Amino acid sequence: MISKTSSLHIIGHGLAGAILAETASAAGCKVRVSDDGGPASSRVAAGLYTPLTGKRLTPSWSLDPSLSVLNRFYPALEAILGVRFFHPLRTTRILVSPEEQSDWQKREQEQAAALTNPSGFEKRIRTFFHPGFGAFDIPGSGWVDLPVMLDALRRRREQRGEWGPPDTPPDVTLWAEGARAARNPLWRDLGWRNAHGDILTLRIPDLPPDRIYNFGRFLLPIGEGLFRCGATYAWDIDSPAPRAEGRAQLESELRSLLKVPFEVIDHRAGIRPVALARVPVAGPHPEAPDQWILNGFGSKGVLYAPWMAERLLGLLLENQPLPKECQATRRMRRQRDRNR
């Protein structure tokens with residue numbers, strides 16, 4: 001535990017590092033942030049958040065506290081920064097298999113108030129898609145325009161004199177370097193399986209832009225008839241360069257699903273930092289107590305980062321424990337035991 005007058009050096013200004021820096025600075029900590037400008041998945045990611053995920057439509061880990069902090073943090077940050085980047089927007093989930101239909105029917109009975117299938121809804125969806133197994137709405141979802149937010153936060157750090165390496169050794173170094181943690185000697189033993197993802201920008205003028213469409217992939221409206229589509233998952237790939245096979249996979253799925261024409265405008269890709277435990281990792285190194293980490297968000301950084309930043313500061317400043325499944329010390333010891 002340190003005091004608010006201690007100095008923190010945050011390495012990495014992607015989604016996790018930027019939110020951690022803002023949270024720590026707002027708490028009164030002496031913060032410095034450095035970033036080498038290397039590839040960051042946050043600059044490519046669509047910035048989606050949703051209560052239900054995966055083929056089985058299960059609630060995300062620690063959903064309730066994460067959503068509570070999300071819906072407080074991002075609007076407040078917009079007001080501070082004077083820019084708009086937070087976009088609550090319902091998601092329409094299109095079912096593409098009998099298994100998904102069965103899971104939806106079970107979920108509908110369990111959470112009838114949360115999931116909706118209003119009269120005439122499927123007829124409307126069938127105008128634009130081939131949803132052979134049904135569709136439904138998921139309230140409580142949306143997206144964050146990450147480049148807009150990250151650029152505004154960098155300007156804020158620079159204006160406050162909090163950008164760049166510290167002049168003197170910090171009391172604590174906090175690593176938020178994304179996929180590069182898997183190659184960092186400090187953190188590689190935590191266990192990583194980073195995931196490459198391709199994302200397309202499409203022009204689909206005939207598709208209503210009033211919602212996010214999810215069919216195992218997503219179509220996210222970003223204005224002027226444009227949508228982002230993604231993302232693929234490919235393992236054991238080191239380069240963040242776009243892959244031709246990733247684009248082909250997305251285009252093939254779109255052609256089989258959409259009834260309206262689309263045009264590919266752009267193709268980008270990135271490497272998501274994915275911890276083997278599939279939940280974020282945070283806290284001090286077991287053998288270097290002045291070295292801390294916040295990482296491993298995968299595709300759920302927008303949902304988890306504000307809550308996890310608050311939890312990490314709670315441990316750092318007030319010795320409040322992290323969720324046990326997130327603790328870096330515990331995770332590293334368990335991973336080393338497995339590797340023996």
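**Close-up views of the predicted model**

View 1. Most residues other than glycine have a negative phi.

**View 2. Asp 236, another residue with positive phi.** The loop between β15 and α6 (244–257) holds Asp 236. Phi of Asp 236 is near 60°, a positive value for a residue other than glycine. Asp 236 has a relative accessible area of 65%, which is over 50%, so the residue counts as exposed.

**View 3. The peptide bond between Gly 230 and Ala 231.** Gly 230 and Ala 231 are joined by a cis peptide bond, with omega at about -15°. Most peptide bonds are trans. Ala 231 is placed in the loop between β14 (226–230) and β15 (234–235).

View 4. The whole structure contains eight aromatic pairs. In one of them, the ring centres of Trp 61 and Tyr 304 are 5.3 Å apart; the planes stand at 80°, which is over 60°, so this pair is edge-to-face. Trp 61 sits in the loop between β5 (58–59) and α2 (63–81), and Tyr 304 in helix α7 (residues 301–318), so that the pair links distant parts of the chain, 243 residues apart. Trp 61 also forms an edge-to-face pair with Trp 307, at 5.6 Å centre to centre and with 65° between the planes. Trp 307 is in helix α7 and Trp 61 in the loop between β5 and α2, so this pair ties together parts that are 246 residues apart in sequence.

**View 5. An aromatic cluster and a charge over a ring.** One aromatic cluster is made up of Tyr 49, Phe 73, Tyr 74, Phe 85 and Phe 86. In a separate close-up, Arg 272 lies over the face of Tyr 233, at 3.7 Å from the ring centre.

**View 6. Polar contacts of Asp 198.** Asp 198 is found in strand β11 and is buried, with a relative accessible area of 0%. Its side chain makes a polar contact of 2.9 Å with the side chain of His 267. The side chain of Asp 198 also reaches the backbone nitrogen of Arg 243, at 2.9 Å.

**View 7. Leu 220 in strand β13.** Leu 220 belongs to strand β13 (residues 218–223). Leu 220 has a relative accessible area of 0% and is therefore buried. Its C-alpha atom is separated by 15 Å from that of Asp 137, a residue 83 positions away along the chain.

**View 8. The second largest pocket.** The second largest pocket holds about 230 Å³ of space. It is lined by 17 residues, and those closest to its centre are Arg 43, Val 44, Thr 201, Arg 228 and Arg 268. At least two lining residues come from each of β9 (142–144), α5 (146–159), β11 (195–203) and β16 (263–272). By class, the lining comprises ten nonpolar, two polar and five charged residues.

Technical notes
Residues numbered from 1 in each chain as written. Predicted model: local features only at pLDDT ≥ 70, side-chain atom pairs only at ≥ 80, totals over all residues. Heavy atoms only, no water. 1 Å grid on protein atoms, 1.4 Å probe; cavity = no way out; pocket = protein on both sides within 12 Å on 5 of 7 lines; lining within 4 Å. Points joined across faces, edges and corners; volume = space filled by probe spheres on them. Helix = DSSP H or I, 4+ residues; strand = E, 2+ residues; numbered from the N terminus. Nonpolar A, V, L, I, M, F, W, Y, C, P; charged D, E, K, R; others polar. Phe/Tyr/Trp six-rings, centres within 6.5 Å; stacked < 30°, edge-to-face > 60°. Lys NZ or Arg CZ within 6 Å of the ring centre and 35° of its normal. Buried < 20%, exposed > 50% of the residue type's maximum accessible area, 1.4 Å probe, protein only. Polar contact = N/O pair within 3.5 Å; in protein donor to acceptor, adjacent residues only side chain to side chain.
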